[in-house]
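Keep the model open beside you as you read.

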Amino acid sequence: MKIHPAYEMLRPGKKFPNVWCPGCGHGIVQGAIIRAVERLGINRDEVAMVSGIGCSSRMPVYVDFNSLHTAHGRALPFATGVKLHNPKLHVIVITGDGDALAIGGNHFIHAARRNMELTVILMNNNIYGMTGGQYSPTTPIGKKASTAPYGCAERDFDACALAVAAGAVFAARGTVYNAVELDKMIEKALTKKGFALVEALSPCPTLYGRLNKEGSAVKMLQTQKANTINLKAAEKLTPQELEGKVVTGVFHDGEAQPYTEVYQQIINKAQGR
Ligand code: SF4
């Protein structure tokens, strides 16, 4: 009898139930990561999962990989250290929109610029969930947050465009509504030799949903389906027709020499080899 991959890759006896609210999208992303690791035949001992702080960043507590739950915004520097120490590990970074793009924004840009071999799963729920619903760098302009009761005044970041501009070799955006596509994006990202970003749009019904009157968790998923459009379909539309839509798909899939190789070459040079 084939055992479900989640059974071996979770810590069922110790850490459950998890802290995520009913209807939170983060569990779907967790499932997508487990399925991608399983499909690639990667042993869980060959994976290191590193997170910062936030609702999404709780994931290493539940998944039975080598794991590190680090300081707010600092998952990427910790993950860089892990990868440099053991380049054979598949290092998966779990981060949220606040963690990666606000306090960790500088680390995000420079890890991409270095082409550090990390699979970065950025779970974007457009708000700080764990700390009470403050607006984040991806809260759309006009949307409400506990720190923006009359609507957010700032424009939001496009995390994929930012990663590509900084030097990432792979950048894709998927949704928890379309978990099959998300699985494939994560699977592809895990095979890349360099900084690979998958931005997973993951609804937060408890804070973002309530503050913006977006309805139940199911309604938020239906809205996600209605408001997202695949890259190929988006290319046929005018900017006016794309107004209010979020584009999903693989935005960049390239190659560049990974950091650990460059670093090893410098070590060899310094040692006269
Ligand atoms: S607060 Fe939002 S993001 Fe955090 S667990 Fe609850 S639904 Fe998920």
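## Arg44 and its partner

Let's begin with Arg44, which counts as partly exposed at 31% relative accessibility. This is a predicted model, and in it the side chain of Arg44 meets that of Asp64 in a salt bridge, 2.7 Å from N to O. Asp64 sits in the loop between α4 (59–62) and β2 (66–69), and Arg44 in the loop between α3 (26–39) and β1 (47–51), so their pairing ties together parts that are 20 residues apart in sequence. Asp64 is partly exposed too, with a relative accessible area of 23%.

## A pair 71 residues apart

Now find Glu214 and Lys143, whose side chains form a salt bridge of 3.4 Å, N to O. Glu214 belongs to the loop between α10 (205–211) and α11 (217–227), while Lys143 belongs to the loop between β4 (119–124) and α8 (159–166), so the pair links parts 71 residues apart in sequence. Glu214 is buried, at 18% relative accessible area, whereas Lys143 is partly exposed, at 28%.

## An exposed and a buried partner

Glu255 and Lys192 form another salt bridge, with their closest N and O atoms 3.1 Å apart. The loop between β8 (246–253) and α14 (259–270) holds Glu255, and the loop between α9 (179–191) and β6 (196–201) holds Lys192, so this bridge ties together parts that are 63 residues apart in sequence. Glu255 counts as exposed at 67% relative accessibility, but Lys192 counts as buried at 11%.

## The wider picture

Salt bridges with shared partners also join Arg35, Arg39, Asp183 and Glu187 into one network. The structure holds 12 salt bridges.

Key: Residues are numbered from 1 along each chain as its sequence is written. This is a predicted model: local features need pLDDT of at least 70, side-chain atom pairs count only at pLDDT 80 or more; totals for chains, interfaces and linings use all residues. Side-chain values use heavy atoms; hydrogens and water are left out. A salt bridge is a side-chain nitrogen of Lys or Arg within 4 Å of a carboxyl oxygen of Asp or Glu. Helices (H or I, at least four residues) and strands (E, at least two) are DSSP runs, numbered from the N terminus. Buried means under 20% relative accessible area, exposed over 50%, partly exposed in between (1.4 Å probe, protein chains only).
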